[in-house]
Structure formats: C-alpha cells, structure tokens
Amino acid sequence: MTLFRITPRSLALVATIAAIQLAGQSGRADATTLTLVGSSQKICQLTGDTDWTTNQPTAARTDTNYHLIGVDLGFPVDAGSGGPLFFLFGDAFPSTTGNPIPPDDAMGYTTRTAAPDSQTCLDLKLVRQGDAFAHPTVSPAVLQGSFNVPTGGVFVDKRFYAFFWTDHCVAVPPTPLGPLPATPLQLPAPYLNCPQIPQFNTIGRSVLASASETAPSIFEREHPPLGPITRLPSDSVGMPSGFVYVTAAPPGPHVRVPRELAPSILGEKPKAFVPVFGVARYRFSIPYLAMAPQDTFADPATWMFYAGQNTGGGPKFVTRAEWESGHSATGQWMPPKGAELYADSVIDKIDERCVGEHSVTYNAALRTWLLMYVCGPFRVEARTAPDPWGPWSQPTVLMSLAHDPGVVCTLIMNGISGCGSSKFNSWQLTGQNPGGFFYAPFAMERFTQDVTPADAVGTRTANLFWLVSTWNPYDVIVMQSTLQITSN
C-alpha cells in the first residue's frame, strides 16, 4: 500500500483535479449553435430483404436469413472496448407466422467499426434461435406484445442492462393522450380494450433487466431492495415515477460529476455516474434525468434526480424519496418543479412537449451531448448541451417533411395516392395503405467522424450516423448528417 502524504503541494494538486472535474457545474450556459450542413442522407436500409427505394437486395436480407420481414426501433447499445454494438428492435414481423406472437421483439448486433456504406450497410446480424431470429425475453415475464418494446439500454461494468416498456395498451385511445406536465402519470378514462388499471393502461411502465454479453437476448429483471420508498403495485420492480419510456448513456470520463453529487476534496473517490433519461407520457413529454451511481446502477433507489436549478446556480439533485414525494390533491404524482430538462416551447406551431423514442449520446467529435427525438410524425430534431442536465439548446431540424418533401415515395409511403406498384405496402395484409412517417432517431456514436478542418476556429464539424424507423415501409434506415457546432 502506498500512502499519499498531505502537503501544501499535494493538496493544491487534489484541489486542481477536483476543480477540473467539477468545472462548469454551476449551470454554465455555453453559447453554441448547432447547424445541419446540407441535408440528411439515407445510407442504406438496415432491415428487410429488399431496399424500398432501389428495389435491390439489402445487405442483411433479414427475411431470407432470419425470417424477419419488418421491424422498428433498433436502439444501439455499445459493449465498448472492441465489443459488439447491439440493437434492440421493437415489434417484429416474422415470415414464419405472418403475424407477431408475443414476445415479438428482436435483437441484432455488429462488430463493425468502419462507417456504414450503401453496399455493406452495418454488417448486421441477428441473434438467432434455430433458423430464425430470437426474441429477447424478460424473466420473470412481463407483457411483450405489440407496443410493449425495449426502449433503451447501456453496458455498465460489462453487464448489458435494458429497459422494457410494458403493460401498455395496444388500442388507440379515442382522443390523443396529450401533454400533462403537472400530473404526467394521470390516466384517461377507460375505453374499449384498455381498462386503465395499473396492470394495463395507456401510459404503461418500465422495468429494468440485465443480461450477459454471451447470452444477450435472455434478460433477468432487477429486484432492488424496497428501501424507504412505498411503491405501487405497478412499480414493483422499482423504476422511478415518470421514467416510463427510458434510455441511458454509457458511463465514462465524458460524464462529469455535478458539484452537488461530488464528495469533499479529501473525501472518498468521486463516483462515476450513468445518465438515465425518461419520459412519462409517450410522445407528449420533455425528458427527465437521473444520475445513477455506476456501482449501484441496478438499484434505482440509489439514483439522484435532476430537479431544476439551485438558487445560487448549478443543477439541483434530489433523492428518490424526494422525487416521489409530490402529490396533487387527488393523489396524482407531481414531478419536482423544474424537473423537465428544458422549457416547453412551440416551434413552427409544433408543441415541443413531444418526446417519445429518443437517444442521448456524448458526441466526442462535437464535444457536446446530443439529444435526438421526433416531434410530430414528420420532424426529426436534435438539441445539444454541455452536460446531461443542460442547458439544452433550441432544436435543430435534421429531417422533416416540410424541409425534405422528396422523402415521399423515396423513403416513406404516400398514404393518399400510394407510390406505384413497385413500392411495397408493409400493411397490405390489413387492407390499408397508411402513409409513412419517421420515428425513433437513434445516434450511433461508434461511427461518428470528426471532420473539423485543421484551421477551424470556434467551430467543430462531425459526420453523424443514426437510425430512424419508418412506419411504411416498416423498416429501419441508416442515415447520415453533417453537423456543425459553433461557439457564439
């Protein structure tokens, strides 16, 4: 054992290290602007047998090789350190049965590190069971039928953790769910096939489960101790209130320690944290943030929750008990004031309280955190921030029907007139021809390219590769955008 001798010089060194680690934790507002250079471009179609745009075979040929016709989502979960990049796909349509039978999700992976291209795409493979694709399963079992899907995942200490959205009604409500920021877990009135009970309702809930890299499709639910928190039957596995559709970002040196969560300079070693993001009302929310200690990530009772800004500046974090403590006169859970990561706003008449599927990554080339989501059915947006708690920028549009009308009949189906006999209708068996739309934009940080010119001053530029799902065709597409961030 080596003893560290406390001297004025060593004390100054420790203080300097702590100052660097905690730099900017007073709610700094870095003045930067995110710009899309040119337009976002399709690189390849990741799933299915035939590329919908070109009518050429896809690289993965998921029907021929795995009996997978169509699927969505594909949240990327990177094992890091030369390991695979996994993809958590949602409701999958197998060619063997014609219709999905629960559990109906899928899982893919690649060991590729080179950027995607139009010929080989991502070198995607699917986790297999026999001659077909395998379904990721959760034990003890949760509802894994249609619209009950894996929403995100992260590797923590070489363990594969995933969040599963469950107990969510498939039936479409008679009126849109709509934003409800004050009491976001409030259920609407019951309707046909959706009784609005804790076990089955319009909002649903999330469970946390984990698997090993060697058996990545077999997940075991986490059962943390109950602790001081009284949990509802619908929260039996310990996920926090409001964290219904959930993702996470990997731990690492890019995750700085908020001053409020850091120990004293001469105290214990600073903890590493995993940022966890969740929305309460699917596609009608602004995300919440939890900072989960890496060493107790599996126990949400130990997480700390962003609750706005302190009076003197800097992010305010509260315990799980404090996070759960607010209730309305009718007993509805109320999040702490300021818990939403950014203020509600309206851009081009679209309400920005609209986040459902989302990803949050640290973009090393741009040196910023990047949030991606869809607002409305036709608008992919991105925001940036110096830290997971913000301050988050105004949105930058990466793709939209208004900005990119040429995507109709090249990327998505025209639901009014169709797109000709050569364009396959993914929903033809239902007798319908629904229009296509975008959802679930997920950044793949592994493939980001730093293309900042050597003589650039005050700007950084990166090629971002990301996934997006299209409703018709019902497939996952690999996209590329060139992003530039400028210091103002």
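Author: Buried here means under 20% relative accessible area, exposed over 50%, and partly exposed in between, with a 1.4 Å probe and protein chains only. The model is predicted, so local features need pLDDT of at least 70 and side-chain atom pairs count only at pLDDT 80 or more, while totals for chains, interfaces and linings use all residues. Residues are numbered from 1 along each chain as its sequence is written, and side-chain values use heavy atoms, with hydrogens and water left out.

A search of the whole structure finds four disulfides, a disulfide being a pair of cysteine sulfur atoms within 2.5 Å. In C409 and C419 the sulfur atoms lie 2.0 Å apart, and the torsion about their S-S bond is about -85°, so this disulfide is left-handed. Both cysteines lie in the loop between β25 (396-400) and β26 (438-443), so the bond ties together parts that are ten residues apart in sequence; strands (E, at least two residues) are DSSP runs numbered from the N terminus. C409 is partly exposed, with a relative accessible area of 24%, whereas C419 is buried at 14%.

C354 is joined to C375, S to S 2.1 Å, and here the torsion is about -115°, so the disulfide is again left-handed. C354 is buried at 5% relative accessible area, and C375 is buried at 0%.

C44 and C121, with sulfur atoms 2.1 Å apart, have a torsion of about 70°, so their disulfide is right-handed. This pair links distant parts of the chain, 77 residues apart, with C44 in strand β1 (residues 32-45) and C121 in the loop between β6 and β7. Both C44 and C121 are buried.

Technical notes: Helix = DSSP H or I, 4+ residues; strand = E, 2+ residues; numbered from the N terminus.
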